[in-house]
Amino acid sequence: MPTRSPDARAAALGRLLEVGRSLTAELELEPLLERILATARELTGARYAAIGVLDEDRRALARFVTAGVGAETQAAIGHLPRGQGILGLLIDRPEPLRLADVSAHPRSFGFPAGHPPMRAFLGVPILIRGEAWGNLYLTEKTGADDFDEDDVEAVVVLAEWAAVAVHNAKLYGEAAEQRASLQAAVGRLEATIDVALALGGETDLEALLELIARRARALVDADALLIWLQDGPDLRIAASDGSARVPPDAAIPLEGSTSGQVIRDGRPVRIDDVRTGLRVSPAAFGMADARSALLVPLVHRGRSFGLLAAFDRLGDTATFARDDERALQSFAASAASAVATARSVEAQRLRDTIAGAERERARWARELHDETLQGMASLKLALTAASRTEGERSREVLALAMDRLDGDIAALRAIISDLRPAALDELGLVAALRTLLDRTAADHGLAVALTESLGEARIEPEIETVAYRIAQEALSNVAKHARAAHVTLGIDRVDGRLVVTVGDDGVGGVAERPGGFGLAGMRERAALAGGAVRIRSGAAGTTVTATLPLD
């Protein structure tokens with residue numbers, strides 16, 4: 001039965017209406033819960049109040065918000081309740097529950113050490129659209145041993161107002177999150193479009209990589225962003241932006257690293273703890289103090305050739321979210337295409353340069369042969385004729401001049417052959433290499449051997465030129481640096497590819513010719529033709545193997 005006077009009940013009702021308006025005006029959940037607890041204590045005189053928020057399954061408490069319990073007491077109690085005992089009873093049966101002595105109920109588990117004494121208890125469910133969201137608990141009514149019916153009625157109405165207010169706050173929070181997410185998505189889309197337009201107009205590879213690193217870092221608000229490109233069994237640093245301090249020759253092994261996994265799988269990886277997630281030291285990335293990372297592959301035409309590595313998101317949290325992953329992955333697709341285009345442009349420039357150099361070599365060879373060499377041959381004939389008619393002393397001088405002229409003609413023929421051997425254009429690769437091998441043997445006293453399976457068959461002129469230049473440089477290295485006695489040259493067609501092998505029995509170790517074509521040039525020429533050069537060097541000598549496509 002009601003215990004308050006009509007005036008007190010009217011005042012309480014007015015207060016409830018006022019509270020309802022104020023609660024539904026609050027759109028932030030945490031301040032709302034605090035206001036509900038304060039109002040419940042005010043309406044009932046309860047010393048302690050709490051709200052238990054149910055988990056998704058509605059079988060236990062996910063949160064427990066209190067009022068009236070000090071920080072020291074809370075620390076002494078320890079873990080907050082999960083919804084057992086009397087609290088569990090209200091979860092099982094979501095309806096108002098009033099007890100004069102909570103410890104006397106059969107479901108009571110008692111209180112943990114440090115818990116303040118509590119007897120009187122009033123619990124009311126908070127139902128949102130007919131489903132339990134949480135419970136409002138009150139204990140220890142000031143000035144009375146128990147809560148009365150008026151308290152129950154007031155708290156039930158308050159719980160209904162609370163349900164409406166909590167539902168509004170949740171909807172507002174969800175709408176705010178969706179709005180923020182949409183704004184972020186639109187911002188990232190605009191940034192991605194801007195980046196794609198910027199990348200599309202840049203063909204200088206170094207400048208392009210710097211631009212990608214700078215824009216990608218800004219896109220995901222990273223402390224640092226690094227670009228790593230594949231080089232054989234390793235990833236090597238190509239560009240960076242931010243706080244990374246990485247040496248210019250830094251390399252990350254593909255084998256046994258998370259970076260290698262990203263390259264192999266072609267899928268991004270988010271890492272919350274780089275100390276264990278990278279599988280290599282963060283210091284190898286120039287980020288010794290980093291906490292989190294986002295690795296995204298650079299994929300072009302289905303093949304990963306590098307990755308973007310972002311470290312430590314700036315802001316409230318250092319870890320990267322799924323949205324960051326999607327944004328950087330989308331950006332990486334544009335970046336990969338831009339890098340591939342820039343590489344193609346750079347390769348074409350180099351290819352054009354090499355082709356121009358070959359044309360210039362051929363022009364000089366023709367001019368030396370057609371003009372200089374023929375002129376020297378005519379001079380030799382004239383000297384020979386003069387030697388038959390002049391005196392003894394004149395014949396000796398003319399003979400000396402002809403000997404020197406013979407040496408000059410031989411040297412000039414060698415220069416012409418080095419510039420552009422006529423046999424390469426007229427007879428093919430095997431004939432040109434046989435001539436080159438014979439001249440190497442004669443000039444340097446080497447025992448030489450040639451094995452070949454091409455015969456007189458001709459292949460694409462560009463591949464013939466590449467194969468000849470690689471063999472020429474390899475033989476030059478043997479003659480000048482290897483101190484070898486024997487050298488072998490092999491030319492074979494294997495599985496649709498041309499394989500050129502130069503092996504020697506020298507001291508091992510391959511030296512570069514200062515200012516010459518060199519090992520880097522061999523690899524560069526082979527790569528431009530779609531092939532590769534492999535070098536094995538040891539105590540038994542050195543073997544250079546070039547593999548070039550024939551299709």
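Is S292 buried or exposed? S292 counts as buried, because its relative accessible area is 1%; the cut-offs are under 20% for buried, over 50% for exposed and partly exposed in between, with a 1.4 Å probe and protein chains only. The model is a predicted one, so local features need pLDDT of at least 70 and side-chain atom pairs count only at pLDDT 80 or more, while totals for chains, interfaces and linings use all residues. Residues are numbered from 1 along each chain as its sequence is written, and side-chain values use heavy atoms, with hydrogens and water left out.

Of the 551 residues in the protein, 42% are buried. Contacts (heavy atoms within 4.5 Å) reach well along the chain: taking those between residues at least 6 apart in sequence, 62% join residues at least 24 apart.

Back to S292, which sits in the loop between α8 (274-277) and β10 (293-300). With neighbours within four places in sequence set aside, S292 is in contact with I271, D272 and V274, with the run A310, F311, D312 and R313, and with A318, T319 and F320.

L307 belongs to strand β11 (residues 303-313) and is buried because its relative accessible area is 0%. Not counting residues up to four places away in sequence, L307 touches a list of partners including L226, I227, W228, L235, V262, I263, L295 and P297.

L254 is placed in the loop between β8 (251-253) and α7 (258-265). L254 also counts as buried, because its relative accessible area is 11%. Its C-alpha atom is 5.3 Å from that of D234, which is 20 residues apart from L254 along the chain. Leaving aside neighbours within four places, the contacts of L254 take in Q230, G232, P233, D234 and L235, along with G260, I263 and R264.

Next come the cores. In soluble globular proteins, nonpolar side chains tend to be buried together. A nonpolar core here is a set of buried Ala, Val, Leu, Ile, Met, Phe, Trp, Tyr and Cys residues joined through side-chain atoms within 4.5 Å. The largest one has 36 residues, and L429, L433, L498 and L548 have the most contacts inside it. Two or more residues each come from α12 (429-444), α13 (461-482), β13 (486-494), β14 (497-504), α14 (518-528) and β16 (541-549). Helix α13 gives the largest share, 10 residues. Beyond its neighbours within four places in sequence, L433 is in contact with Y468, A471, L489 and I491. A second, separate core has 34 residues, among them L16, A40, L43 and V152.

The second largest pocket has a volume of about 680 Å³. On a 1 Å grid over the protein atoms alone, a pocket is an open set of points where a 1.4 Å probe fits, with protein on both sides within 12 Å along at least five of seven lines, and lining residues have an atom within 4 Å of a point. Grid points are joined across faces, edges and corners, and the volume is the space filled by probe spheres set on the points. The lining of this pocket comprises 30 residues, with F64, P81, L87, F111 and H115 nearest its centre. Elements giving two or more residues to the lining are β1 (46-54), β2 (61-67), α3 (71-77), α4 (85-92) and β5 (131-141).F64 turns up again in an aromatic cluster with F121 and Y137. The structure holds four aromatic pairs, a pair being rings of Phe, Tyr and Trp (its six-membered ring) with centres within 6.5 Å.

R58, in the loop between β1 and β2, is not a glycine, yet its phi is positive, near 60°. E140, in strand β5, also has a positive phi of about 60° without being a glycine. E140 counts as partly exposed because its relative accessibility is 23%, and R58 is partly exposed at 38%.

Conventions:
Phe/Tyr/Trp six-rings, centres within 6.5 Å; stacked < 30°, edge-to-face > 60°. Helix = DSSP H or I, 4+ residues; strand = E, 2+ residues; numbered from the N terminus.
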